Amino acid sequence: MANMLMPFVMFLFLFGLILLNVPVAFALFFTSMVFGLIFWGWNGLYVTFQGVWSLMNNWALVALPLFVFMSALLEKSGVADELFTTFYKLLGRIRGSLAVIAIILGYTIGAMSGVIAAAIASLALIIYPLMVRHGYDKKLAIGSILAAGTLPQVVPPSFNMIVYGSVAGVSVGKLFAGGLGVGTVMALVFSIYVLVWSHLNKDKVPVFAEEEITLKEKIISLKYLIGPLAIILGVLGSIFTGIATPTEASGVGAFLSLIYVTVRRKLNRKVMEDSLLVTLKVTSMACWIMAGGSAFSSVFSGIGGKRLVVDLLMSLPAAKVTVLIFSLALIFFLGMFVDPVSIIMIMTPILTPAVTNLGYDPLWWGVAFTSMLLVSYLTPPVGLGLYYFKGAIDEVSMDEIYQAVLPFIVLQVIAIVIIILKPEIVLWFIKTLSRGG
């Protein structure tokens with residue numbers, strides 16, 4: 001009985017450290033080493049670090065720094081400004097257009113980079129001041145930017161999907177294809193809400209472009225789409241046609257981004273230095289968390305925790321439904337306190353076997369898992385997206401941000417419910433688009 005309780009004690013020990021503000025990566029390592037030593041003595045260190053060695057030798061993880069570099073380079077070089085100009089010319093006279101443009105930009109930036117921090121910072125700095133200046137409702141402005149800024153973590157090339165695919169042992173390319181389906185559903189749900197809300201609250205959402213925009217101006221503005229579209233097609237096209245693996249496609253994306261900013265004469269020493277520094281910081285943070293999560297998973301499985309949790313879940317009444325609901329609810333709850341990469345590293349080895357044993361498609365579940373992680377970027381107290389926005393727009397209070405984001409959290413959940421009730425949406429994208437790994 002004591003041994004059966006130890007996996008739960010291990011979890012409580014870990015979350016106790018996290019609540020004491022111990023950095024998640026170090027909390028994972030320390031918990032793993034303590035329980036490894038308790039169970040196996042000094043041999044427990046071998047168990048602890050064996051998983052770390054296996055993970056760090058995973059070729060798919062090479063894509064992380066390359067996609068982060070691609071994102072940082074595009075952000076620092078001002079590509080988002082040019083994209084905004086194009087979408088403004090095309091949609092400026094539609095009520096609520098600035099919020100819709102934010103959503104489209106978030107989707108587009110996601111398809112070029114896959115990093116949330118860059119998307120939220122860019123949207124906050126470019127679009128939020130315009131929204132406020134033209135009398136947009138503050139809550140709609142903040143909420144739409146934050147919701148749009150989360151899309152890069154489900155629209156490929158998604159950072160979280162690369163990590164999940166590496167841990168779960170499923171095709172990252174096929175996860176990307178499914179993510180494109182979820183991202184499209186979410187973008188549509190957000191846009192419909194914005195347009196309906198704007199129509200019902202015309203006094204709070206004025207029409208942005210009062211002057212008439214000619215057809216010629218709209219056509220000329222399309223030139224700013226050529227580079228980004230080439231990057232998106234280069235990355236996603238090479239993956240979905242099977243020409244390149246996601247890892248190889250990350251190199252394609254980084255190279256095309258470098259060529260694009262050079263041709264646009266936006267590449268200089270400062271842009272390159274800043275991009276490399278961001279790449280170093282984000283990749284280092286992710287690797288420490290992944291290493292700690294891998295160590296935790298090795299020890300947790302070794303003491304029988306993985307098998308125990310799977311057996312408990314499988315014993316639930318109406319397991320096919322209750323396990324799915326419980327798993328997604330647990331991810332939602334953990335997202336309030338733990339960062340998404342840590343959730344992937346801790347929960348994937350535990351929840352995924354239980355869900356897939358019940359007959360759910362492993363790729364569909366991977367997409368649903370990573371989609372639910374989007375909510376964690378917006379749920380306080382740890383919601384990273386909230387702090388990215390606050391860092392970019394300091395004059396906005398955290399209370400205002402919390403209130404503004406609530407409707408969009410509901411919209412994210414609605415979009416996830418849609419793909420649960422209609423799994424064929426995700427599976428169609430996977431079957432239609434993915435030929436490569």
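Analyst: A residue is called buried when its relative accessible area is under 20%, exposed when that area is over 50%, and partly exposed in between. The model is a predicted one.

Side chains of opposite charge can pair when their charged atoms come close. The distance cut-off applied here is 4 Å, between a side-chain nitrogen of Lys or Arg and a carboxyl oxygen of Asp or Glu. Under that criterion, the model contains 3 salt bridges.

One of them joins Lys138 to Glu400, with 3.4 Å between the closest N and O atoms. This pair connects distant parts of the chain, since Lys138 belongs to helix α9 (residues 138–150) and Glu400 to helix α21 (residues 398–421), a separation of 262 residues. Lys138 is partly exposed, at a relative accessible area of 34%. Glu400 is likewise partly exposed, with a value of 27%.

Helix α15 must be considered next. Arg269 forms a salt bridge with Glu273, and their closest N and O atoms are 2.8 Å apart. Both residues lie in helix α15 (residues 269–302), where a spacing of 4 residues corresponds to about one turn of the helix. Arg269 is exposed, its relative accessible area being 66%, whereas Glu273 is partly exposed at 42%.

Lys270 forms a salt bridge with Asp274, the closest N and O atoms again lying 2.8 Å apart. Lys270 and Asp274 are separated by about one helical turn, because they are 4 residues apart in helix α15.

In α20 (residues 384–392), the buried residues are Gly385, Leu386 and Phe389. These residues lie on the same side of α20, because they cover an arc of only 105 degrees around the axis.

Asn201 and Ala319 are 118 residues apart in sequence, and their C-alpha atoms are 44 Å apart in space.

Technical notes
Residues numbered from 1 in each chain as written. Predicted model: local features only at pLDDT ≥ 70, side-chain atom pairs only at ≥ 80, totals over all residues. Heavy atoms only, no water. Helix = DSSP H or I, 4+ residues; strand = E, 2+ residues; numbered from the N terminus. Buried < 20%, exposed > 50% of the residue type's maximum accessible area, 1.4 Å probe, protein only. Arc of directions from axis to C-beta.
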